[in-house]
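Here is a walk through one protein chain, from its overall build down to a few single residues. Have a look at the structure, then read on.

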Amino acid sequence: MELSRYVACICEGTAEEVIVSKLLDADRLIFTRDDLLDGEIIRTRSAAAFEQRYLRKGFQDKITVMRVLDSRRENFKISKAYEHKIEVINVITAPEIEMLIILNERKYDIYRRSRKKPSDFCKEYLKMSSVKSRKFVEDYFSNTNRLIEAIREYRRISKVPA
């Protein structure tokens with residue numbers, strides 16, 4: 001995959017932001033922090049707010065917008081004036097990023113039978129009450145190899161459409 005000179009990495013939530021940050025620090029993505037607009041991961045989900053804050057700076061080159069989110073239905077409509085300047089790539093983390101914790105804990109079969117949302121399963125069954133917090137995700141995945149193995153396992157077992 002060929003990316004533009006500039007990459008806008010937009011993360012839907014805190015967990016996604018922490019995970020992308022860890023993967024960037026471990027040099028495990030197809031872009032680096034140096035490629036990022038303003039050198040940061042963006043939390044602006046609104047296309048209009050993104051356009052106003054970043055696209056009006058007069059970039060000469062095209063921008064690749066990598067959106068990390070858990071919904072295929074979330075719209076990101078850029079105005080006609082800027083749509084030719086960006087390429088949007090959606091990275092879907094469906095159903096929830098907490099699935100990586102369930103897989104890492106080797107509790108996928110129990111989770112599947114529970115019929116709970118991944119975050120609820122982590123809170124109730126795994127007793128991880130702060131599973132959505134930045135500190136929890138940073139601490140839990142402090143070992144990037146643990147994170148990468150969970151991502152690989154999720155890819156192996158999932159049937160998420162491309």
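A residue counts as buried when its relative accessible area is under 20%, as exposed when that area is over 50%, and as partly exposed in between (1.4 Å probe, protein chains only). Take Asn 75: its relative accessibility is 63%, so Asn 75 counts as exposed.

Some ground rules come next. This is a predicted model, in which local features need pLDDT of at least 70 and side-chain atom pairs count only at pLDDT 80 or more, while totals for chains, interfaces and linings use all residues. Residues are numbered from 1 along each chain as its sequence is written, and side-chain values use heavy atoms, with hydrogens and water left out.

**The whole chain**

The protein chain has 8 helices and 3 strands. Those elements are DSSP runs numbered from the N terminus, with helices (H or I) of at least four residues and strands (E) of at least two. Starting at the N terminus, they come in the order β-α-α-β-α-β-α-α-α-α-α. The radius of gyration is 17 Å, close to the 15 Å that the globule rule gives for 162 residues, so the chain is as compact as a globular protein of that length. (That radius is taken over C-alpha atoms, and the rule is 2.2 Å times the number of residues to the power 0.38.) Along the principal axes, the C-alpha atoms fill a box of roughly 50 × 30 × 25 Å.

How much of the chain is buried? Of its 162 residues, 44% count as buried. The chain exposes about 9,600 Å², and carbon and sulfur atoms supply 45% of that. Areas like this come from the Shrake-Rupley method with a 1.4 Å probe; for residues, only the protein chains shown count as cover.

Now for contacts, meaning heavy atoms within 4.5 Å. Among contacts between residues at least 6 apart in sequence, 62% join residues at least 24 apart.

As for charge, there are 33 positive and 26 negative side chains, and the centres of the two sets lie 5 Å apart. Here Lys and Arg count as positive and Asp and Glu as negative, while His and the chain ends are not counted. Each charge is placed at NZ of Lys, CZ of Arg, CG of Asp or CD of Glu.

Helix α1 covers residues 14–25, and its 12 residues should span 16 Å at 1.5 Å a residue; the end C-alpha atoms are 16 Å apart, which agrees. The expected span is 1.5 Å times one less than the number of residues. This helix is mostly covered, with 10 of its 12 residues buried. Among them are Ala 15, Val 18, Ile 19 and Leu 23, along with Glu 16 and Lys 22. What does the covering? The cover includes β1 (6–11), β2 (63–69), α4 (99–104), α7 (134–140) and α8 (144–157).

Glu 17 sits in helix α1 and is buried, with a relative accessible area of 15%. Apart from neighbours within four places in sequence, Glu 17 is in contact with Cys 11, Ile 41, Arg 43 and Arg 134.

**Helix α8**

α8 has 14 residues and reaches 20 Å from its first C-alpha to its last, close to the 20 Å expected. Its buried residues include Thr 144, Leu 147, Ala 150 and Tyr 154, and what covers the buried residues of α8 includes α1, α4 and α5.

Ile 148 belongs to helix α8 and is buried at 8% relative accessible area. Leaving out neighbours within four places in sequence, Ile 148 is in contact with Leu 23 and Arg 28. Ile 148 and Asn 104 are 44 residues apart in sequence and 9.9 Å apart in space, C-alpha to C-alpha.

**A few loop residues**

Back to Asn 75, which lies in the loop between β2 and α3 (80–83). Its C-alpha is 8.2 Å from that of Ala 47, and the two residues are 28 apart in sequence.

Which way does phi usually go? Most residues other than glycine have a negative phi. Asp 27, which follows α1, has a positive phi near 55°.
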